[in-house]
Amino acid sequence: MLVLPDIAGSKPMRSNEARLDEAAGLAAAIGIDVVGRRAVRVRAPRPASLFGKGQAEEIAQAVTDSGSKLLIVDAPLTPVQQKNLEEMTKAKVIDRTGLILEIFGERAATAEGRLQVELAHLDYQGGRLVRSWTHLERQRGGFGFLGGPGETQIEADRRMIRDRMAKIRRELDQVKRTRGLHRDRRQRAPWPVIALVGYTNAGKSTLFNRMTNSSVKAEDLLFATLDPTMRDIRLPGFAKAILSDTVGFVSDLPTELVAAFRATLEEVLAADLILHVRDMAHPDRDAQSADVESVLASLGLEQGSGPPQIEVWNKIDALGADEREALLADAARREDAIPVSALTGDGLEQLTIRVSERLRAGSDTRDIELSVSDGERLAWLHSRGQVVEQQHDGETTHLKVRLSDVDWARFQSL
Ligand SMILES: Nc1nc2c(ncn2[C@@H]2O[C@H](COP(=O)(O)OP(=O)(O)OP(=O)(O)O)[C@@H](O)[C@H]2O)c(=O)[nH]1
Ligand SMILES: [Mg+2]
């Protein structure tokens, strides 16, 4: 059973119905069969059970009546609230973070993905242990310092979790170092990297498949993609370019997960261009877009910093004629939005053209000085830009090179 606490005073951008739909979609993503769903107005969240006493009893009754074995509360629960609700409902209770962690746990396919998810899980659990421990301590009313079996057990659990987390961090560091080397190599390579980002189910993988002629999993399922995939794409004016598909975002993505996936998402930061794929047929498209921007911001990509971005307005085939017209007119007035249908292929040619334009934008002649022994960077400039002048002066090579904004930024980070 699914319950959405509609907390008085909070101002979500979505309707309760839309939020329930999304939560049900998350549950469906790991095969949970939702037998009942409701929004419950919470005037003042209670520390003991979040809901008021009467409300909690009603929920417990509904859980029993429906024969549910699981109660999903689409909000963060404290460990105490979770435990009390479990006692009242006689069912297992998980909150939104727990649910998302379950999905990620089931989906992670690569070694790195599994490590990241486990780290997020331990972080979540560890936080719960610490908090319920202080709670127990408080209950013991001052005798906490004497210790006891409960406390020793929790201490041991905490230590085990800490040790395991430290071990995973070391393993992830190792993976990251290996990948970091790959990324350096890619950055030095003369071809650009384009990253797809977007809300889960926006159509990133469908677009990826179309643009790269491949067949990564694309489904009407939240979080169908967890592990990043990279493939070559054809771009006019470029011998080669790479497109990368990534994990989708969702509102209230657990911070533990964003932290855990930082390494993967750093691929996005290192891209030359970001394509933000939006499901324009979704009623909450604006709220979704705001969520994606806030995740990007939490990764250090504030508006206007980092790689340039283009919005891909996807699923225009699923819009009514009027709305589609309005949207096309709107996009025509903007530099940074391209309407497409990844499903029918509509608009993909314009998208490709705009992507190559953007990658070459700002082409300007730059004055560059290199040490004559810096053969690597010299070769890079020759492969990537147009060298219009080159003179040697003792130990220094003076160059005038035409480079785009994107390449200029890349060159400076070499
Ligand atoms: N009508 C329509 N449906 C589309 C379009 N693009 C994708 N879809 C559908 O949207 C659903 C999600 O597509 P995916 O490509 O898996 O979405 P995603 O962004 O990769 O999702 P996650 O990996 O879960 O984050 C699938 O059922 C697609 O068939 C489109 O242009 N039009
Ligand atoms: Mg996908």
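Helix 10 (residues 285-298) lies across strand 5 and strand 8, and its direction is at about 150° to that of strand 8. The model is predicted. Its chain has 414 residues, of which 34% count as buried. The secondary structure comes to 14 helices and 13 strands. Among contacts in the chain with a separation of 6 or more, 68% are between residues 24 or more positions apart.

- Six strands form an open sheet in the order 6-7-5-8-9-10, and the pairing is mixed.
- Strand 6 (229-235) and strand 10 (337-339) are the edge strands, each pairing on one side only.
- On average, neighbouring strands of this sheet are turned by 30° against each other, with direction ignored.
- Strand 5 (residues 193-198) pairs with strand 7 (residues 238-245) in the parallel sense, over three bridges.
- Within that pairing, Val-193 has Ile-242 of strand 7 as its bridge partner.
- Strand 6 and strand 7 run antiparallel and are joined by six bridges.
- Opposite Met-230 stands Ser-244 in strand 7.
- Strand 6 and strand 7 also form a hairpin, with two residues between them. Gly-237 lies in the turn and has a positive phi of about 90°.

**Packing of helix 2 and helix 3**

- Two packed helices are described by the angle between their axes and the distance between the axes.
- Helix 2 (residues 53-66) packs with helix 3 (residues 79-89) at an angle of about 55°, and their axes are 9 Å apart. Helix 2 is therefore oblique to helix 3.
- The crossing of these two helices, helix 2 and helix 3, is right-handed.
- From helix 2, the residues Ala-56, Ile-59, Ala-60 and Val-63 meet Leu-85, Met-88 and Thr-89 of helix 3.
- By class, this contact of helix 2 with helix 3 has six nonpolar residues, one polar residue and no charged residues.

- Strand 12 and strand 13 (residues 396-403) run antiparallel and are joined by seven bridges.
- Gln-386 has Arg-402 of strand 13 as its bridge partner.

**His-398**

- His-398 is a residue of strand 13.
- With 13 other C-beta atoms within 10 Å, His-398 is partly exposed, because a residue counts as exposed at 12 or fewer and as buried at 20 or more.
- Leaving aside residues up to four places away in sequence, His-398 touches Glu-369, Gln-391 and Asp-393.
- Leu-370 is 28 residues from His-398 in sequence, while the two are 6.6 Å apart in space, C-alpha to C-alpha.

Methods: Residues are numbered from 1 along each chain as its sequence is written. Chains are lettered from A and ligands numbered from 1 in the order in which they are written. This is a predicted model: local features need pLDDT of at least 70, side-chain atom pairs count only at pLDDT 80 or more; totals for chains, interfaces and linings use all residues. Two strands pair if DSSP finds at least two bridges between them. Helices (H or I, at least four residues) and strands (E, at least two) are DSSP runs, numbered from the N terminus. Axes are lines fitted to C-alpha atoms, for helices over the stretch in contact, and angles run from 0 to 180 degrees between N-to-C directions. Two residues are in contact if their C-beta atoms, placed from the backbone, lie within 7 Å. Angles under 35 degrees count as roughly parallel, over 145 as roughly antiparallel, 65 to 115 as roughly perpendicular and the rest as oblique. A crossing is left-handed if the near helix is turned anticlockwise from the far one by less than a right angle, and right-handed if clockwise. Ala, Val, Leu, Ile, Met, Phe, Trp, Tyr, Cys and Pro count as nonpolar, Asp, Glu, Lys and Arg as charged, and the others, Gly among them, as polar.
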